[in-house]
Amino acid sequence: MANPGLKKALHLFAVLNRTRNNPMKPLKKHDRVTLSADDWAREALELIAEQGVQALAVEPLARRIGVTKGSFYWHFSSRDALLESALHRWEEHDSRNLNNALGEIDHPRDRLVSFFRRVGKEKLTHEVYSELCAAAGHAQVEPVLERVAERRMTHLSSAFEEMGMDRFKARNQARLTYSVYLGFLQLQRQHQTPSLSSEEFEAYIEHVIGTLIPS
């Protein structure tokens, strides 16, 4: 009988190269023969982005991927364990993006501009966040949303302070800025925003930047 530990190690080695660089990138059909735990988590995020947290279930997800649910139970004990893994994956991805977009830019105004410019990029992570906000009362989702919001607010507040605002005003300006971002996500859900690739969207972003970020 094959050693289960060796089998799993060989499998993880085989999928490492395709998952290491972009944890939010969906799988291609020819990659779906054998799935790792990371693969399942990434596919779960795809489903959440499209249909919400409540739609996440083992059998429908397996059918969507094109595999049997036996692959799932090799890696996870339950649907909640999968959701926990998917949320962890998304939060880590968001934290890296935040550091790249805001933490590595010297000028504070440029960091704030970068925050708004990100709305038109990383489409999947914004769609996931929008669906998580819609499930804010979920026991597993709520602490993730709180950590992510606080992390983002800290970056925004620091940038406004560096631009000359006192701590109290900077925090309030960060709240206002973040509420505009959340409002945009809500409008997206209601199909009330311009296409992300359109000139109208670019004009909207410029208007928001000019309104909320001091010159």
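Contact here means heavy atoms within 4.5 Å. With that in hand, welcome to a predicted model, in which local features need pLDDT of at least 70, side-chain atom pairs count only at pLDDT 80 or more, and totals for chains, interfaces and linings use all residues. Residues are numbered from 1 along each chain as its sequence is written, and side-chain values use heavy atoms, with hydrogens and water left out.

**The whole chain**

- Among contacts in the protein chain with a separation of 6 or more, 63% join residues 24 or more positions apart.
- The protein chain has 10 helices and zero strands, where helices (H or I, at least four residues) and strands (E, at least two) are DSSP runs, numbered from the N terminus.
- Of its 215 residues, 42% count as buried; buried means under 20% relative accessible area, exposed over 50%, and partly exposed in between (1.4 Å probe, protein chains only).

**Helices α9 and α10**

- Two packed helices are described by the angle between their axes and the distance between the axes.
- For α9 (residues 167-189) and α10 (residues 199-212), the axes come within 11 Å and cross at roughly 165 degrees. Axes are lines fitted to C-alpha atoms, for helices over the stretch in contact, and angles run from 0 to 180 degrees between N-to-C directions.
- That angle makes α9 roughly antiparallel to α10 (under 35 degrees counts as roughly parallel, over 145 as roughly antiparallel, 65 to 115 as roughly perpendicular and the rest as oblique).
- From α9, the residues Q173, L176, T177, V180 and F184 meet F201, Y204, V208 and L212 of α10.
- By class, this contact of α9 with α10 has seven nonpolar, two polar and no charged residues. Ala, Val, Leu, Ile, Met, Phe, Trp, Tyr, Cys and Pro count as nonpolar, Asp, Glu, Lys and Arg as charged, and the others, Gly among them, as polar.

**E91 in helix α5**

- E91 sits in α5 (residues 79-103) and is buried, at a relative accessible area of 9%.
- Its side chain makes a polar contact with the side chain of R147 at 2.8 Å. A polar contact is a pair of N or O atoms within 3.5 Å; within protein, one must be able to donate a hydrogen and the other to accept it, and residues adjacent in sequence count only if both atoms are side-chain atoms.

**R109 in helix α6**

- R109 belongs to α6 (residues 108-117) and is partly exposed, with a relative accessible area of 22%.
- The R109 side chain reaches the backbone oxygen of P214 at 2.7 Å.
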